Amino acid sequence: MNRKDIQIQRMQCATIINSPGNFISYDHRAGEAIRPIQCITSFCPPEELMKDILATKIAGITAMDGQEKDGYASFMLVLQPLFGYTNQKFEDMLCEFFEKYNL
């Protein structure tokens, strides 16, 4: 990871990856149990980001929902862990995408 402004906070049940302008939060227990992972983001994921997540073949996207209120957007991605998924791989992937898409 080249950017120094991206922070990772691991809590008892959630992981938050944030930069000065954006964040994504997800329940890492769901990934460990191979259940759908609900990710809350402060940004609308670009179409290319969605394709990149699918291309990793460690998680499939099953739903995306967004709601805008008072100029602040919050979006939810629901990802399904696939064969080879680990929380560490997922965290690394998200950090790479924060850099790649300047989130």
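Lys-57 is exposed, with a relative accessible area of 62%; exposed means over 50%, buried under 20%, and partly exposed in between (1.4 Å probe, protein chains only).

I then turned to Asn-102, which lies in the segment after α3 and has a positive phi of about 50° although it is not a glycine. At 60% relative accessibility, Asn-102 also counts as exposed.

For helix α3 (residues 87-100) I noted 14 residues and a reach of 20 Å from its first C-alpha to its last, close to the 20 Å expected at 1.5 Å a residue, the expected span being 1.5 Å times one less than the number of residues. Its buried residues include Phe-90, Met-93, Leu-94 and Phe-97. In an α-helix, with 3.6 residues a turn, residues three or four places apart point the same way.

This is a predicted model, in which local features need pLDDT of at least 70, side-chain atom pairs count only at pLDDT 80 or more, and totals for chains, interfaces and linings use all residues. Residues are numbered from 1 along each chain as its sequence is written, and side-chain values use heavy atoms, with hydrogens and water left out. The protein averages a pLDDT of 86, on the predictor's scale of confidence in each residue from 0 to 100. Strand β5 (residues 59-69) has the lowest mean among the elements, 71.

Key:
Helix = DSSP H or I, 4+ residues; strand = E, 2+ residues; numbered from the N terminus.
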